[in-house]
Amino acid sequence: INPLRKAKSSDFYDMEMLAVPLAYADAVVSQDKWMRDIVCERGTFLKRNSCKFVSSLNEFKLYLESL
C-alpha cells in the first residue's frame, strides 16, 4: 500500500459503492488492500457504523461461524 498513490478514476466509484454497505451491513468483505487502508486506517466508517471489514475468505468463514 502506497500512501502517495494517486487515485484512479475508478477509485471514485469504488468509494461511492462501498459507502452503502458500510452504513447498513454488519460486515463488508473485500480483498482490495487500498480499500482496506482507506476504511480501516484512514476513515472512521467502521467505528461510526459498527461494521466489520473482512479481508479474506478465511476471515469471512470465521466471521460467519462466530454468528
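## Ground rules

Residues are numbered from 1 along each chain as its sequence is written, and side-chain values use heavy atoms, with hydrogens and water left out. In this predicted model, local features need pLDDT of at least 70 and side-chain atom pairs count only at pLDDT 80 or more, while totals for chains, interfaces and linings use all residues.

Helices (H or I, at least four residues) and strands (E, at least two) are DSSP runs, numbered from the N terminus.

## How two helices cross

Start with helix α1 (residues 9-24) and helix α2 (residues 33-42). Their axes come within 12 Å and cross at roughly 55°. Axes here are lines fitted to C-alpha atoms, for helices over the stretch in contact, and angles run from 0 to 180 degrees between N-to-C directions. The pair is therefore oblique. Angles under 35 degrees count as roughly parallel, over 145 as roughly antiparallel, 65 to 115 as roughly perpendicular and the rest as oblique.

Which residues of α1 and α2 meet? From α1 come Asp11, Asp14, Met15, Leu18 and Leu22; from α2 come Trp34, Met35, Ile38 and Val39. Contact means heavy atoms within 4.5 Å. The contact holds 7 nonpolar residues, no polar ones and 2 charged ones. Ala, Val, Leu, Ile, Met, Phe, Trp, Tyr, Cys and Pro count as nonpolar, Asp, Glu, Lys and Arg as charged, and the others, Gly among them, as polar.

## The buried side of α1

Asp11, Leu18 and Leu22 are the buried residues of α1. Buried means under 20% relative accessible area, exposed over 50%, and partly exposed in between (1.4 Å probe, protein chains only). These buried residues pack against β1 (27-29), α2 and α3 (45-49).

A disulfide is a covalent bond between the sulfur atoms of two cysteines. Here the test is a pair of cysteine sulfur atoms within 2.5 Å. The count is 0 disulfides. Cys40 is in none, and its nearest cysteine sulfur, that of Cys51, is 9.4 Å away.

Are these cysteines buried or partly exposed? Cys40, at 28% relative accessibility, is partly exposed. Cys51, at 6%, is buried.

## A loop residue

Ser55 sits in the loop between β2 (52-54) and α4 (57-66). Its relative accessibility is 22%, so Ser55 counts as partly exposed. Leaving out residues up to four places away in sequence, Ser55 touches Ser30, Gln31 and Arg36. Ala23 is 32 residues from Ser55 along the chain, and their C-alpha atoms are separated by 18 Å.
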